[in-house]
Amino acid sequence: MTSTVYDVDTIQNWAARMSDSVMKRTPELKHKWEYDNGVIFKGIELVYELTQDHKYLDYIRTNMDFFIEEAGSIRGYTVDEHNIDHVNNGKLLFPLYRATGEERYRIAADLLRQQLMKHPRTSEGAFWHKQIYPYQIWLDGLYMGAPFYAEYIREFADIKDYSDVTQQFKLCYQHTRDPQTGLLYHAWDEKKEQPWCDPETGLSKNFWGRSIGWFVMALVDVLDILPADHEDRDAIIQMLTETMEALMKVQDPDSGVFYQVLNLPDAKGNYLESSASCMILYAVTKGLRKGYLPERYRVKMEQIRKGIIEEFITITEEGLINLNKTCQVAGLGGKDKRDGTYAYYISEPIICNDPKGIGAFILAMAEVELLNKPAQ
């Protein structure tokens, strides 16, 4: 039994309340070294910055320390698997190193950097999504790898050259953007031979909401790190503004949020999806706060924020926050032969409290608080 005892017009510390719900439900996130948990930890890190309550940093550290061994090796991680998803959790190594000074966090970051040094690439230099997905760029991979790569350069590299990071975005954008809608297709196959791709273009068939969500989150996170005078900074901001313009054209006018397959709102079986909506809210709000997006986006930000609360949030009788209507997973090819059709994207399970959605919700609501925080 759930109740919705909240006022949608107030901020109500949603980020901390969801973080507390996560910590109560799952005091341990130790099942495997998996990117999903890293999204939650990044959200909780932002809540720690907002509140300065050490219980949030302690939660991250306790769970990360299960994997980061004393010598700096990572339990359950293999460099040679060359899976870009496995880099994502490494983003938490930087705040842990800054907070503790423990060398094992830096050594673990070095290990993930070694993966990127050897990671297979397309002929133009873009990282393959995974070794098992050769010659493929997926939008998801930009969030998994690029912000870690940029922060590693800032914190530990002798030469502060970010050009390889920005090149990942430029190549992805060049190959996946649809000139008619401005939206980005989920993936591109350089060899144009995957069963899911167009044999002429190499592109997948649809605009999947969460994949573009990953991409815009990656853009605003890398802009945090990219030097103000970097030659590609304006190009990264332009990618953000152009993609946001395209996204706002497919925003559902009634609810304010976004569909699983973005541009087919009336297609049978399509549904409003929470993780994509939260990711887009995070990018819009952070873009506003940092000045990457114009002030007119504030109205859009409020529409999405209210829509997320009204459409996706319920509260249990114990006061725990639930995030509903999240696509559990969606990919292309592989052993399941996922074909990227519209029917495929709407066939995947829709679940409650998926970690990717929860993490994006915490990140988005924390950014809303930061944007609305009175100037000191």
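**Cysteines, an arginine and a helix pair**

Q: How far is the sulfur of Cys 172 from the closest cysteine sulfur, in Cys 197?
A: This is a predicted model, in which local features need pLDDT of at least 70 and side-chain atom pairs pLDDT 80 or more, whereas totals for chains, interfaces and linings use all residues. Residues are numbered from 1 along each chain as its sequence is written, and side-chain values use heavy atoms, without hydrogens or water. A disulfide requires a pair of cysteine sulfur atoms within 2.5 Å. The separation is too far for a bond, being 15 Å.

Q: How many disulfides does this rule count?
A: The closest cysteine sulfur to that of Cys 197 is in Cys 172, too far for a bond. By the rule, the number of disulfides is therefore zero.

Q: Is Cys 172 buried or exposed?
A: Buried means under 20% relative accessible area, exposed over 50%, and partly exposed in between (1.4 Å probe, protein chains only). With a relative accessible area of 0%, Cys 172 is buried.

Q: Which residue has its backbone oxygen 2.7 Å from a polar atom of the Arg 104 side chain?
A: Arg 104 counts as buried, at 8% relative accessibility. The backbone oxygen at 2.7 Å from its side chain belongs to Ile 68.

Q: At what angle do the axes of H6 (residues 139-156) and H8 (residues 209-225) cross?
A: Helices are DSSP runs (H or I, at least four residues; strands are E, at least two), numbered from the N terminus. Axes are lines fitted to C-alpha atoms, for helices over the stretch in contact, with angles from 0 to 180 degrees between N-to-C directions. The axes of H6 and H8 come within 7 Å and cross at roughly 10°.

Terms used. Polar contact = N/O pair within 3.5 Å; in protein donor to acceptor, adjacent residues only side chain to side chain.
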